[in-house]
Amino acid sequence: MKLREDVAAALRANLPQRDIMRTLHVGYNTVVAHRKALALPAPVRGGHPLQPIETEFYARTEPVDGGHLRWTGHHANGVPRLGRQGKHPSAYRVGFRLHHGREPIGHAKPGCGYPQCVAPAHLEDRPMREQIQAQLTAIFGGAR
Ligand SMILES: [Zn+2]
C-alpha cells in the first residue's frame, strides 16, 4: 500500500489516533494500516502514555510529618484508590507491592497509626500483623 506522508508524520509525532483521523480525514483502518506499515507500537487507551505505577502512586501523595504519606487521590468507601487502566486497586495494596515486591496476603493496611497513611514502608498485610501480634504476646503475655 502507498503511505500518506502526513499520516506517517502524525503517527511518528505520537499524535492521538482520533486527532489524526479528524484532522487528516482518514478512517480508523487507514491509521492502523499506516501504524503497522511503519512498525509503530499500538496506542495507549485514552491517548496518554501510561506512566510506571510508582510514578502514578507518588503523584497522588503528599508527605506528612513523621514520614507518613497522605493520599491526595481518589477514595472509595473510605479506602484510598488508584484509578489506572479501568481498575481501582487500593493504594494500600499498590504501596505494599512497591515496598515489599510481592502481593499482600489479606488486606494491606497502614500499621503506623497515622489515619490512611499510604507510606509503602508503613503498610502491613495479615501475616505481618499476625507476626507483630505474636511478638507482643510473647513480650507482654496473652490476653487473659
Ligand atoms: Zn505512616
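## Basis and conventions

A residue is classed as buried if 20 or more other C-beta atoms lie within 10 Å of its own, as exposed if 12 or fewer do, and as partly exposed in between, with C-beta atoms placed from the backbone. Helices (H or I, at least four residues) and strands (E, at least two) are DSSP runs numbered from the N terminus.

The structure is a predicted model, in which local features need pLDDT of at least 70 and side-chain atom pairs count only at pLDDT 80 or more, while totals for chains, interfaces and linings use all residues. Residue numbers start from 1 along each chain as its sequence is written.

## Domain organisation

The protein chain falls into domain 1 (5-47) and domain 2 (53-140), with bounds that come from an automatic or database domain assignment. A distance of 40 Å separates the C-alpha centres of domain 1 and domain 2.

In helix 5, the buried residues are Ala91, Tyr92, Val94, Gly95 and Phe96. Their cover includes helix 4 (53-58), strand 2, strand 4 (79-81), strand 5 (109-110) and strand 6 (123-124). After helix 5 comes Gly101, with a positive phi near 70°.

A nonpolar core is a set of buried Ala, Val, Leu, Ile, Met, Phe, Trp, Tyr and Cys residues joined through C-beta atoms within 7 Å. The largest such core has 12 residues: Phe57, Leu69, Trp71, Leu82, Ala91, Tyr92, Val94, Phe96, Ala108, Cys117, Val118 and Leu123. Strand 2 (68-71) and helix 5 (91-100) are the elements that supply two or more residues to this core. Helix 5 contributes the most, with four residues. Contacts (C-beta atoms, placed from the backbone, within 7 Å) link Phe57 to Leu82, Ala91, Val94, Gly95 and Leu98, when residues up to four places away in sequence are not counted.

## Packing of helix 1 and helix 3

The axes of helix 1 (residues 5-12) and helix 3 (residues 28-37) come within 10 Å and cross at roughly 70°. Helix 1 is therefore roughly perpendicular to helix 3; angles of 65 to 115 degrees count as roughly perpendicular, under 35 as roughly parallel, over 145 as roughly antiparallel and the rest as oblique. Axes are lines fitted to C-alpha atoms, for helices over the stretch in contact, and angles run from 0 to 180 degrees between N-to-C directions.

Leaving aside neighbours within four places in sequence, Ala10 is in contact with Leu15, Ile20 and Leu24. The C-alpha atoms of Ala10 and Ile20 are 6.6 Å apart, at a separation of 10 residues along the chain. Val32, located in helix 3, is partly exposed, with 13 C-beta neighbours inside 10 Å.

Most residues other than glycine have a negative phi. Gln85, although not a glycine, has a positive phi of about 50°. Gln85 sits in the loop between strand 4 and helix 5 and counts as exposed, with 10 C-beta neighbours inside 10 Å.

Gln116 likewise has a positive phi, near 55°. Gln116 belongs to the loop between strand 5 and strand 6 and is partly exposed, with 16 other C-beta atoms within 10 Å.

Key: Two residues are in contact if their C-beta atoms, placed from the backbone, lie within 7 Å.
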